[in-house]
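Dear colleague,

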Amino acid sequence: MTKVLINEKLVDEQDANVPYNDRGYVFGDGIYEYIRVYNNNVFTAREHFERLLRSAKEIGLELKYNVDELTELIQELLSTNSIVNGGVYIQVTRGAAPRDHAFPTPSVEANIMAFTKSYDRPYKLLEEGINAITTEDIRWLRCDIKSLNLLGNVLAKEYATKYNAQEAIQHRGDIVTEGSSSNVYAIKDGEIYTHPVNNYILNGITRMVIKSVAEDKGIPFNEEVFTLDFLKGADEIIVSSTSIEVMPVVKLDGENVGDGKVGSITKSLQEGFNRYIDTHS
């Protein structure tokens, strides 16, 4: 029987419940992370949990855990469920309390939940690329916080799905921000361009790895805003996340990106990412 983590206890999946008045359910008042597992090893766990603690601090959510304690909880869950390749989702809410927009007074204990998923890497898509579509970014202005408020992302992803695309690349006015569940990169004349880290995007862990790989390979990594026209004129486009890794986009809004094939810079970054997995897992 698959186990789920509920407040430090591993319970059977069928018995995993949270209170009806949990603030995550009622208000989306909480945060989360998703962490990849490769060959029994948790990938970039410290970076993910450091970001989780940062998100908690940004919304005034008090957590009694540090990075090492969170890692220990997750390692036990993954071991119990025998996850070799896959991922783990961890969510923290402000806790259960009578419905009131203001924080509970006195404060209540946060609720922590985590579950696992077993799956392999998306090899075919990484080799062939995906389709993407552009859409207006309608999300709130603190996208740097990995919060549970994902309705804007959900609507963008559903929009992509309706047009047979795997990702929606969002823009505020003419400025490209990020995907519905990914960071976005335009590659032009051998250089990488991606939105700078601020409140308009999430500083993805995979984004950090790509930046490190690019620096090691001497590929210019420009953290600066760029327009939709620049994106549509790119030689190569990449989206990245914990789940999809370094994913090439070969069609955008129904048109080929470059020659419609996975480009050389993308392949170089994928190779470097694979090596990073081998040396950091």
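The lining of the largest pocket comprises 12 nonpolar, 15 polar and eight charged residues (Ala, Val, Leu, Ile, Met, Phe, Trp, Tyr, Cys and Pro count as nonpolar, Asp, Glu, Lys and Arg as charged, and the others, Gly among them, as polar). This is a predicted model: local features need pLDDT of at least 70 and side-chain atom pairs pLDDT 80 or more, while totals for chains, interfaces and linings use all residues. Residues are numbered from 1 along each chain as its sequence is written, and side-chain values use heavy atoms, leaving out hydrogens and water.

A pocket here is an open set of points on a 1 Å grid over the protein atoms alone, where a 1.4 Å probe fits, with protein on both sides within 12 Å along at least five of seven lines; lining residues have an atom within 4 Å of a point. The largest pocket has a volume of about 860 Å³ (the space filled by probe spheres set on the points, which are joined across faces, edges and corners). Tyr32, Lys146, Ser180, Ser181 and Ser182 lie nearest its centre. Because domain 1 (3–118) and domain 2 (123–280) both contribute to the lining, the largest pocket lies between them; the domain bounds come from an automatic or database assignment.

The second largest pocket holds about 250 Å³. Among its 13 lining residues, Leu61, Glu62, Ser107, Val108 and Ala110 lie nearest the centre.

Finally, Phe49 is in contact (heavy atoms within 4.5 Å) with Ile35, Val67, Leu70, Thr71, Ile74 and Ile90, leaving aside neighbours within four places in sequence.

Yours sincerely
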